[in-house]
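The sequence and structure are shown first, and the account follows.

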Amino acid sequence: MSTSPSRAISVLTIAGSDSGGGAGIQADLKTFAAHRVHGLSAIAALTAQHTRGVTAVHAPPVAFLRAQIDACFDDFDIRAVKIGMLATAEIVDAVVDALAQHPELPIVVDPVMIATSGAKLLDDNALGALRGRLIPRAHVLTPNLPEAELLLGRVIDGGAAADAALAALRALGAQGVLLKGGHLHEGDEVVDRYADAAAAFTHRAPRLEIDGHGTGCTLSSAIAARLALGDDAAAACRAGIGYVHSAMRDAYRPGRSDVSVLGHLGRLAP
């Protein structure tokens, strides 16, 4: 007599699709698979994109985005949500309204605003909605330096400024903040800073000479996967940072540029 498999843990990503396969939804689903959780997706934006940049962005109708989210919650055991690129205020509002039906779920917000190539991915009107409605719902907020500067409206030009920015970002309402250090030059190391009400840490690692694509998407997805598996926020962030470093060491170049895509399955997450 056959035995039915147990119901799998699922993690939902609400983000943009990267046609080049290195970032966005595509990176999220690879990361979920490496962590052995079932990946679900609600596509909030479509990008025409490759390793040299973003050539076009299209946002599907908000009603269709909401239908995707509702369909996922209707059938799957969702334990965490990762949120990436939300191009307009209308999309931000729709996502917040949908997730209001599930207040117990941990949410990781990667405030995607600017692509690695420099392309702007966020409508001007969306910044206020992101600050006022989405960030206060975040279990973990994971901005890089340019994103943190946009959110706070000020320059972050050194370690002391980054420490102050971490506190200011927490004041926006997120339970925990991981301020990524890849864009800040503090010697030969990348310094990531984390804080919540119960824990704080600084993670230092040698800077890898890799022009990696999709690192922010991968990190936030790894954190969401670890939260779904039962880690607390600080432990999930530590594990997520470790996973990204492993994936960067296994990075490869699929396109004609020098940009590398992370190697998600080279070292499967434990």
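A residue is called partly exposed when its relative accessible area lies between the buried limit, under 20%, and the exposed limit, over 50%. The model discussed here is predicted.

**Salt bridges**

The count of salt bridges comes to 10.

| Pair | N to O separation |
|---|---|
| Arg-66 and Asp-70 | 3.0 Å |
| Arg-133 and Asp-93 | 3.2 Å |
| Arg-253 and Asp-258 | 3.6 Å |

The pair Arg-66 and Asp-70 lies within helix H2, which spans residues 62–75. Because the two residues are 4 positions apart in that helix, about one helical turn separates them. Arg-66 has a relative accessible area of 27% and is partly exposed. For Asp-70 the value is 35%, so Asp-70 is likewise partly exposed.

The side chains of Arg-133 and Asp-93 also meet in a salt bridge, at 3.2 Å from N to O. This pair links distant parts of the chain, with Arg-133 in helix H4 (residues 126–134) and Asp-93 in helix H3 (residues 89–99), 40 residues apart. Arg-133, with a relative accessible area of 35%, is partly exposed, and Asp-93, at 28%, is partly exposed as well. Through salt bridges that share partners, Asp-93, Asp-97 and Arg-133 are joined into one network.

**Nonpolar cores**

Turning to the nonpolar residues, the largest core has 50 of them. The residues with the most contacts inside this core are Leu-12, Ile-14, Ile-69, Val-81, Ile-83, Leu-86 and Val-95. Which helix gives the largest share of the core? Helix H3 does, with 8 residues.

When its neighbours within four places in sequence are set aside, Leu-86 is in contact with Ile-14, Ala-44, Ile-91, Val-92, Val-95, Leu-122, Ala-126 and Leu-134.

Note on methods: Residues numbered from 1 in each chain as written. Predicted model: local features only at pLDDT ≥ 70, side-chain atom pairs only at ≥ 80, totals over all residues. Heavy atoms only, no water. Salt bridge = Lys/Arg side-chain N within 4 Å of Asp/Glu carboxyl O. Buried < 20%, exposed > 50% of the residue type's maximum accessible area, 1.4 Å probe, protein only. Core = buried A, V, L, I, M, F, W, Y, C linked by side-chain atoms within 4.5 Å. Contact = heavy atoms within 4.5 Å.
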